[in-house]
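Here is a short report on a single chain.

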Amino acid sequence: MEYHDALRYLYSLVDYEKRRVKHYTPREFKLERVDEFLEKLGNPHHRYPTLHIAGTKGKGSVSAMLAAMARAGGLRTALYISPHLHTYRERIQIDGEPISREVLAALIAEVRPAVESVEGLTLFEVTTGIAFLYFARQQVDIGVIEVGLGGRLDATNVITPEVSIITSLSLDHTRLLGNTLADIAREKGGIIKPGVPVVSAPQKPEAMAVLETIAAERDAPLTVAGRDWTWEALQHNLEQQTIAVRQTQAPSAFDGVYTLSLLGDFQQENATVAIATAAVLHTNGQAWAAPATVRAGLAQTQWPGRMEVLQREPPVIIDGAHNPYSAETLAHSLKTWFPDTRWCLIFGASNDKDVPRVLEALLPLCEEVFVTHSHHPRSISPEALAAHCAALGQEADIVMEPPRALAAALGQLKPGLGVIATGSIFLVADVRAAWAQEKGLSLPLGDWDDEPW
């Protein structure tokens, strides 16, 4: 099976990333179905230890940090993420290298009989099984596994990890996961396993109360960043930032100053969650998760598309903020890191997002707005986005394609005015690819043209 034929077969399966989910219930998301599929593959997920990461914001960054730490500790490290930025192969990585076209195509062809023998398997469930099988055959030392949607019913929730990690929770996918933070926390907290340590980011009281209850019921020791571990921002520039972290109950070997390669205020919290996770692992006998390893990993972490600086002066920034909380956090970081800059906004969003509230956070920083849409099937039309802007008192120029929106925004650049592209990870991918093409650069993960839609 050729690569694109294999990918087309994969995309022919039910894909809840491209169409709206009608019901987020065990009737539609059946972990028993995933268990049956994995059993046909030989239960590959039982053959290596894992870390499991859920959350609304920061789960990708924390996953990338933990994977970088494990690699710095000498482990052969698997990373499973979603969504991807440029190529579907990014979702399945070992030591920072995405699975090859040839291997992915061969695995899709190999598992196809098992897929067709289990009724109702979705694209994400099959991809999860392929990832687990690939990691097992490559004899990884550890797998860092990011949840796709929610947690309780997610296909990845068949693993029993060394630590369960829950990053910052906020309202997103509310039609599926619930309209309150307590509802969201119950779904995300579904990854907590009996007796397995849990590390959580700081949470609003109603979310934390739910996580504490679940952890207590399952006898899962709970560590909370912001309570058990605190951080202080020290210095930052457009290459790195430093924070001071300490354990509050007693001195720890992990206390001290850390250099972060990822920018933005929000990465300080994410790094503290990752450090606290490493400390739990080290306490539980994982010698690789030592302070020196953690420092090296945080200094080397790469996570494109998250407050990524494409150009310093005037600044051109891309960030995948897609809900009100992440937009507010991005706006705060822009004010902190670029205090004298106004912005030309390139904006696109998916049709299940709270666009008015996202724009409310961003528009006060902006002088010019270009609305566009990515190639993704769930993208909102630029006309609808322009209407949202108008309702908030901001005129927006409609540009039908992200590369043209980037060109238009770059034409506005001048001292004191930068470009920020945000609203959707799919938009960010398109703008990033257009920037690379404009500048004659190669992207680290290359072939962003392999999507079949």
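The notes below go from the whole chain to its cores.

## Basis

This is a predicted model: local features need pLDDT of at least 70, side-chain atom pairs count only at pLDDT 80 or more, and totals for chains, interfaces and linings use all residues. Residues are numbered from 1 along each chain as its sequence is written, and side-chain values use heavy atoms, with hydrogens and water left out.

## Overall fold

The chain has 15 helices and 17 strands (DSSP runs: H or I of at least four residues, E of at least two, numbered from the N terminus). Its radius of gyration is 21 Å, close to the 22 Å of the globule rule for 453 residues, so the chain is as compact as a globular protein of that length. The radius is taken over C-alpha atoms; the rule is 2.2 Å times the number of residues to the power 0.38.

The C-alpha trace spans about 55 × 55 × 40 Å along its principal axes. Of the 453 residues, 60% are buried (under 20% relative accessible area, 1.4 Å probe, protein chains only).

## Nonpolar cores

A nonpolar core joins buried Ala, Val, Leu, Ile, Met, Phe, Trp, Tyr and Cys residues through side-chain atoms within 4.5 Å. The largest has 43 residues; L10, F37, I92, V115, V126, I130 and F135 touch the most other members. Elements supplying at least two residues each include α1 (3–11), α4 (101–117) and α5 (123–137). The largest share, ten residues, comes from α5.

## Charge

The chain carries 40 positive and 54 negative side chains (Lys and Arg against Asp and Glu; His and chain ends not counted). The centres of the two sets lie 3 Å apart, with charges placed at NZ of Lys, CZ of Arg, CG of Asp or CD of Glu.

Terms used
Buried means under 20% relative accessible area, exposed over 50%, partly exposed in between (1.4 Å probe, protein chains only).
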